[in-house]
Amino acid sequence: MSPTGHDMQTFGLGQDAAAGSRPAIVGIGAAAGGLEALEALTRRLTGSGLAFVIMERISRRRPALADILARHAALPVITAEDGMPVEADHIYVAPHRTEIAIRHGVLRLGEARPGHPQPIDAMLYTLAADLGNRAIGVVLSGAGDDGTLGLQAIREADGIAFVQDPSTARRPDMPRSARHAGVADFVLRPEQIAEELIWLSQHPYIAARRQQRLDDDTRNRLFLLMHRAFGVDFAG
């Protein structure tokens, strides 16, 4: 995992007053072997004020992903539709053989284009452009390198990038590509990604510039996140 170029405000993604009531959005990309990772991640997501958009790149048809994930998810899981506004504490899933974009907090869908094999990159690009430092990208199991350039765009916009630990992925190519490119802030198991997303959303005091006293557990957890991201131990 490489050090990040973010300033401390990045960790307040859940509560950016400048964006009004629009939630921060987590763009999640998966491909071959990604179903297991998606299930592990989504079943641990709870109400946090974040919204989640999933782009799964698969060629074969199977039962709708939204129906599969909804069996165990605590949040509502919805098949995305063109023009649908993104709401906090909802999980949106791109339909099979479509591409998805986020513009002004609204989902935009189009047919998958022949010769355009990087739909996860495309989604993450639009997320970075739309939300800047309130964009969060997650790349899970899959073949190829889709998602690497999209996470780079999110990093350049001062958002946060999560990558599945390649050793836990059925197809480690995508997470390994992102990790080797140095665009991963955190490299974790899917269930750990869910836990960190929820924790980050609940502690926006840095972005809000509030002076408040932290309990020991919160302070130590923040130091651990900073150590992972920046490679510096602030605990002293």
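Biologist: Where is Ser 48 placed?

Modeller: Ser 48 sits in the loop between helix H1 (34-42) and strand E2 (51-56). Helices (H or I, at least four residues) and strands (E, at least two) are DSSP runs, numbered from the N terminus. This is a predicted model: local features need pLDDT of at least 70, side-chain atom pairs count only at pLDDT 80 or more, and totals for chains, interfaces and linings use all residues. Residues are numbered from 1 along each chain as its sequence is written, and side-chain values use heavy atoms, leaving out hydrogens and water.

Biologist: Why is Ser 48 called buried?

Modeller: Its relative accessible area is 12%. Buried means under 20%, exposed over 50%, partly exposed in between (1.4 Å probe, protein chains only). So Ser 48 counts as buried.

Biologist: What does Ser 48 touch?

Modeller: Asp 89, Ile 198 and Ser 201, not counting residues up to four places away in sequence. Contact means heavy atoms within 4.5 Å.

Biologist: What makes H3 roughly parallel to H4?

Modeller: Helix H3 (residues 119-131) and helix H4 (residues 148-156) pack at about 10 degrees, with axes 7 Å apart. Angles under 35 degrees count as roughly parallel, over 145 as roughly antiparallel, 65 to 115 as roughly perpendicular and the rest as oblique. Therefore H3 is roughly parallel to H4.

Biologist: Which elements have the lowest and the highest mean pLDDT?

Modeller: Helix H7 (residues 216-230) has the lowest, 66, and strand E4 (residues 91-93) the highest, 98. pLDDT is the predictor's confidence in each residue, from 0 to 100. The protein's mean is 83.

Note on methods. Axes are lines fitted to C-alpha atoms, for helices over the stretch in contact, and angles run from 0 to 180 degrees between N-to-C directions.
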